[in-house]
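I opened this notebook to keep track of what I looked up, one topic at a time. Each entry gives the terms along with the values, so that I can read it again later.

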Amino acid sequence: MIKYILAVLFFAALVLIYIGLYLMNKKTPLPEGCENLKADCEGCHDYACLHNPAHKEKEGN
Amino acid sequence: MNRIQNFKNGLIKDNPVFSLFLGICSTLAITTSINNAIGMGVSVIIVLTMSNVIISMIRKITPDEIRIPVYIVIIATLVTIIQMLIQAFAPALNESLGVFIPLIVVNCIILGRAESFASKNGVFDSALDGIGMGCGYTLAVLAMSVIREVLSTGGILITNPFNTAQVILDLTLFPEDFTISLFGSPVGAFITFACLAAAVGAYKTHLDSKEKAKEK
Amino acid sequence: MGELITLLVTCVLINNVILNQFLGMCPFMGVSKKQSSALGMGVAVVFVIVVAALVTYGLYYLVLVPLGLEFMELITFILVIASLVQLTEMFIKKYSPSLYKSLGVYLPLITTNCVVLNVCLINITNAYDFSHMLVYSVGTPLGFALVLYIFSTIRERLDLSSVPKAFQGNGIALICAAIMSMAFSGLAGIV
């Protein structure tokens, strides 16, 4: 029984760490001169990637 | 009507694999046999439909800032469940698909549909979209695996995934002397995929030109 | 020692992660249009995979196994990888703007890169000891970077050639990948 409680706690801890880091990373400002960096890619439709055009559309609206 | 049209588009015109180039990794790797293709296709349909439904249900309470991490957590949990079910009930399938079952987590189709469809549409539409896109993926892996299996082994062999001793279909189309073993290897996967993708692309341009002619 | 060298050659050249295992196809098709971006992506992948493999390996044997939570392997690994990518990006942003300039754009691409998750999972499934794990985790992304770079040079030339209409774009790229895969399969005799 303790094992499953541990599993849930461990899972919750991981999720919290991830979301925390994600937010912290988003808030960290870009270094100077890097505001307009662009990857030369349009071949994949990976939506987890922040360069995916879908993200910019949403933020622009 | 519109819904049926959406569903149909997912199968061929907007096929996730050949037209949108999503989830290519697993498509190339597991299409050596039809058995694998069916197993993978069904797993993807289940994960995709469930993730679409769950994400659509929570779309209003998910903070926009952290939606990507939330989606990844949901998908990873679903895939863990599916992996455990396959390990328990179809160990042979687990053996032959290997690392590609856990890799469904990073399959671009699932996150792609979550972000571009399920996060904006209702539960029913999202479920339908999941099934449609999942079927499109299954159709693609099936087409690839039929071509590769027939050319590399000269026949078709389908077994029951829950009991490998039970053969459902065993068909020999031409003798072994005439098989092309190249199609069982990675090279064959790339060539088959390129040709099928080109065929779908050509069909798409054909449809577009037809539409334009109609408008005129 | 000889065994480790064999493993290194195997995962860089013979059992190449792109051409033989078809992993990381998304960045392979997406970031191979220019030599410079292929190089940046390659370096970023090597870095992230080595760090991710070390962390997940440690976490598995020091935390999951003692607690009897091996069944949480997959979900732990994906979350750890995703967190690591965020952490790395944040760290580089803060402390090394010049590094961010050259690698920054490729880091977000890596979160859902199947190569990373694959290396972490294989290290556990094949029960590698520490030295084998290290060699495998360095060799696999090196193979990835090598093929990505070679492929980008091919693609730069493809732009100048005339290709049948239906094959334009990804179609012809895949045919090239097939020919490269054929060439690499000739290396199988080395080991």
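**Chain C.** I began with burial, and found that buried residues make up 49% of the 191 residues in chain C. Here a residue is buried if 20 or more other C-beta atoms lie within 10 Å of its own, exposed if 12 or fewer, and partly exposed in between, with C-beta atoms placed from the backbone. Before going on I noted that this is a predicted model, in which local features need pLDDT of at least 70 and side-chain atom pairs count only at pLDDT 80 or more, while totals for chains, interfaces and linings use all residues. I also noted that residues are numbered from 1 along each chain as its sequence is written, and that chains are lettered from A and ligands numbered from 1 in the order in which they are written.

For secondary structure I counted 9 helices and 0 strands in chain C, where helices (H or I, at least four residues) and strands (E, at least two) are DSSP runs, numbered from the N terminus. The radius of gyration of chain C is 18 Å, close to the 16 Å that the globule rule gives for 191 residues, so chain C is as compact as a globular protein of that length. That radius is taken over C-alpha atoms, and the rule is 2.2 Å times the number of residues to the power 0.38. Along the principal axes, the C-alpha atoms of chain C fill a box of roughly 60 × 45 × 30 Å. I then looked at contacts, which join two residues if their C-beta atoms, placed from the backbone, lie within 7 Å. Among contacts in chain C between residues at least 6 apart in sequence, 78% join residues at least 24 apart.

**Chain B.** Of its 216 residues, 46% count as buried, and the C-alpha trace spans about 60 × 55 × 30 Å along its principal axes. A compact globule of 216 residues would have a radius of gyration near 17 Å, and the 19 Å of chain B agrees with this.

**The two strands.** I followed strand β1 (residues 155-160) of chain B and saw that it pairs with β2(B) in the antiparallel sense over 6 bridges; strands pair if DSSP finds at least two bridges between them. A hairpin of 2 residues joins β1(B) to β2(B). Leu157(B) stands opposite Asp170(B) in β2(B), and Gly155(B) stands opposite Thr172(B) in β2(B). Of the 10 residues of β2 (residues 163-172) of chain B, the number buried is 0, so this strand lies largely in the open.

**One buried residue.** I picked Ile55(B), which is in helix α3 (residues 34-57) of chain B. Ile55(B) is buried, with 26 other C-beta atoms within 10 Å. Leaving aside neighbours within four places in sequence, Ile55(B) is in contact with Tyr71(B), Ile74(B), Ala114(B), Ala118(B) and Ser119(B). Ile55(B) and Phe117(B) are 62 residues apart in sequence, yet 9.7 Å apart in space, C-alpha to C-alpha.

Which element of chain B gives the most to the side that touches chain C? I first noted that 31 residues of chain B are in contact with 30 residues of chain C. α8(B) gives the most to that side of chain B, with 11 residues. The residues of this side divide into 27 nonpolar, 4 polar and no charged. In this count Ala, Val, Leu, Ile, Met, Phe, Trp, Tyr, Cys and Pro are nonpolar, Asp, Glu, Lys and Arg charged, and the others, Gly among them, polar.

**Confidence.** Lastly I checked pLDDT, the predictor's confidence in each residue, from 0 to 100. Chain B averages 85, and 100% of its residues score at least 70, whereas chain A has a mean of 70, with 51% of its residues reaching 70 or more. Over residues 57-61 of chain A pLDDT stays under 50, and the model has 0 contacts there beyond four places in sequence. Where pLDDT is low, the predicted coordinates should not be read in detail.
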